[in-house]
Amino acid sequence: MEKKFGLIGATVSHSFSKTYFDEKFFREGLRDYHYDLYELKEIKDLKTLLEENPELCGLNVTIPYKEQVIKFLADIDPAARKIGAVNVISIKGGQLKGYNTDSDAFRETLERWFPNEPGSNALILGTGGSSKAVQEALKKLNIPFKTVSREEGRGDVTYAQLEKKGGVLADVNLIINTTPMGMSPNTSTYPPIDFDLIDTHHFIYDLIYNPARTVFLQKAEMHGATIKNGLEMLHVQAEKSWALWNN
Ligand SMILES: NC(=O)c1ccc[n+]([C@@H]2O[C@H](COP(=O)([O-])OP(=O)(O)OC[C@H]3O[C@@H](n4cnc5c(N)ncnc54)[C@H](OP(=O)(O)O)[C@@H]3O)[C@@H](O)[C@H]2O)c1
């Protein structure tokens with residue numbers, strides 16, 4: 001029986017999710033399984049998508065709909081509700097249930113890479129859906145953090161205030177980019193931090209995986225930081241999505 005899965009977002013052409021699932025379905029002999037990219041101009045277009053594709057069994061959700069999609073769900077996993085963002089939807093009998101696999105995927109990949117020595121302190125750039133997943137992961141790992149936003153009041157500090165508030169960049173040893181700055185096709189952009197304050201004690205994790213080395217990661221590496229992109233996280237969250245769809 002044909003089964004459809006896919007990714008919804010405002011722009012989805014940058015995503016590696018289709019390639020990941022196409023290869024997986026081929027490898028595992030799942031010939032009737034398909035994964036497609038669905039670009040939605042507005043989140044309310046989800047209703048039409050579901051009507052036109054009754055074979056849909058599961059969806060991933062990307063920028064900027066991880067929070068907006070919640071009002072379309074019949075049910076939400078308690079962990080996703082707590083985080084306030086959904087990146088996986090399972091569809092059974094036309095009913096949508098939302099989950100968050102970003103948070104555990106981020107936490108697991110961070111634990112394998114970041115030493116998390118006593119006194120570790122993090123800065124999260126961005127306050128959207130994946131920022132919320134990262135915040136929950138850092139809480140579980142007991143890593144204190146501050147969030148950085150373009151707008152005053154949305155996070156703990158703005159980019160402009162970053163250095164005025166007592167050397168925040170120098171005080172943290174982990175910086176996570178959860179903004180789309182630098183993501184394909186806008187590859188020349190990067191979060192506006194003072195890279196002269198980045199050095200060898202910094203670990204810099206960019207959730208972006210396309211391109212593999214964003215300008216943000218390149219600049220941080222040039223200043224001696226240890227860097228990581230979002231590809232491993234993408235793969236881990238995809239496998240967790242798959243497990244939920246087959247539950
Ligand atoms: N590797 C993975 O598995 C994985 C998983 C999840 C997400 N991601 C990546 O993470 C990024 C964010 O995704 P998301 O779903 O969290 O998006 P989102 O919900 O739209 O949040 C992005 C946040 O970044 C900030 N932002 C947005 N546009 C910006 C801009 N032009 N300049 C500076 N800041 C901007 C905003 O925070 P402020 O308004 O407070 O500044 C916004 O809330 C995307 O690149 C996505 O591909 C990767």
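**Helix α4 and its two partners**

Guide: Helix α4 (residues 102-113) packs against helix α8 (residues 231-245) at an angle of about 135°, their axes lying 8 Å apart (helices are DSSP runs of H or I with at least four residues, numbered from the N terminus; axes are fitted to C-alpha atoms over the stretch in contact, with angles from 0 to 180 degrees between N-to-C directions). The model is predicted, and local features need pLDDT of at least 70, while side-chain atom pairs count only at pLDDT 80 or more. Residues are numbered from 1 along each chain, and side-chain values use heavy atoms, without hydrogens or water. On the α4 side, D102, D104, A105, F106, E108, T109 and R112 make the contact, and on the α8 side E232, M233, V236, Q237 and K240 (heavy atoms within 4.5 Å). By class, this contact has four nonpolar, two polar and six charged residues (Asp, Glu, Lys and Arg count as charged, Ala, Val, Leu, Ile, Met, Phe, Trp, Tyr, Cys and Pro as nonpolar, and the others, Gly among them, as polar).

Turning to α5, its axis comes within 8 Å of that of α4, and the two cross at roughly 50°, which makes α4 oblique to α5. The crossing of α4 and α5 is right-handed. Here D102, S103, D104, F106, R107 and L110 of α4 meet A133, V134, E136, A137, L138 and K140 of α5, a contact with six nonpolar, one polar and five charged residues.

Note on methods. Angles under 35 degrees count as roughly parallel, over 145 as roughly antiparallel, 65 to 115 as roughly perpendicular and the rest as oblique. A crossing is left-handed if the near helix is turned anticlockwise from the far one by less than a right angle, and right-handed if clockwise.
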